[in-house]
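Welcome to the tour! Open your viewer, get ready to select and colour a few pieces, and follow the stops in order.

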Amino acid sequence: LSGNMIGRSGPKPPILIGLIVGALGFLGLWLTTEPGLSYYCLILPLMAIGFGVAFTMPAATYVAIHSVPDKHKGMASSAFTTGRQIGSLIGVAVFGSIVTSSTSFLQGFHITLISAAILFSVGVLLCMF
């Protein structure tokens with residue numbers, strides 16, 4: 001879907017849609033992770049997060065690769081992928097540290113969900129300029 005949209009309207013709309021849906025997914029997950037709630041409450045927020053990331057990444061990759069001359073496209077692709085992997089590694093480490101250093105797992109988990117929603121929202125703002 002993202003690739004088709006890139007072809008019709010460029011990479012900016014899929015990036016914005018993906019980041020907005022992902023941010024809403026993190027907020028939804030924050031609202032549905034309370035003791036006693038059914039696991040079924042997690043389905044829509046998790047689907048939104050997955051859709052948001054999956055919709056954003058092809059467009060972001062397109063921007064990274066098509067912003068350099070042809071002879072540097074391989075380097076741009078590898079640099080983008082490396083940056084994405086390092087960012088994921090740092091994110092997991094930081095969020096894991098927050099969860100384990102909080103007074104309870106749920107409190108730490110809620111902090112990381114709000115942080116992720118804020119980071120996705122910052123991405124939306126940066127993409128709009």
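## Stop 1: The whole chain

Of the 129 residues in the protein chain, 31% are buried (buried means under 20% relative accessible area, exposed over 50%, and partly exposed in between, with a 1.4 Å probe and protein chains only). You are looking at a predicted model, where local features need pLDDT of at least 70 and side-chain atom pairs count only at pLDDT 80 or more, while totals for chains, interfaces and linings use all residues. Residues are numbered from 1 along each chain as its sequence is written, and side-chain values use heavy atoms, leaving out hydrogens and water.

Switch to a cartoon view and look for five helices and zero strands. Here helices (H or I, at least four residues) and strands (E, at least two) are DSSP runs, numbered from the N terminus. Show the C-alpha trace: along its principal axes it spans about 55 × 30 × 25 Å.

## Stop 2: Helix 2 against helix 3

Two packed helices are described by the angle between their axes and the distance between the axes. Select residues 12-32 for helix 2 and residues 43-66 for helix 3. How do helix 2 and helix 3 cross? Their axes come within 7 Å and cross at roughly 155°; axes are lines fitted to C-alpha atoms, for helices over the stretch in contact, and angles run from 0 to 180 degrees between N-to-C directions. That makes helix 2 roughly antiparallel to helix 3 (angles under 35 degrees count as roughly parallel, over 145 as roughly antiparallel, 65 to 115 as roughly perpendicular and the rest as oblique).

Show side chains where the two helices meet. Among the residues in contact are Pro14, Ile15 and Gly18 of helix 2, and Phe55, Thr56 and Ala60 of helix 3; contact means heavy atoms within 4.5 Å. By class, this contact has 16 nonpolar, seven polar and no charged residues (Ala, Val, Leu, Ile, Met, Phe, Trp, Tyr, Cys and Pro count as nonpolar, Asp, Glu, Lys and Arg as charged, and the others, Gly among them, as polar).

## Stop 3

Select Ile15 in helix 2. Is Ile15 buried or exposed? Ile15 counts as buried because its relative accessibility is 12%. Leaving aside residues up to four places away in sequence, Ile15 touches Thr56, Ala59, Ala60, Val63 and Cys127.

Next, pick Val53 in helix 3. With a relative accessible area of 37%, Val53 is partly exposed.

## Stop 4: Helix 1 and its neighbours

Finally, colour residues 2-9, which form helix 1. The axes of helix 1 and helix 3 come within 9 Å and cross at roughly 45°, so the two are oblique to each other. Ser2, Met5 and Ile6 of helix 1 meet Phe55, Pro58, Ala59 and Tyr62 of helix 3.

Helix 1 and helix 2 have axes that come within 7 Å and cross at roughly 140°, so this pair is oblique too. Ser2, Met5, Ile6 and Ser9 in helix 1 touch Pro13, Pro14 and Ile17 in helix 2.
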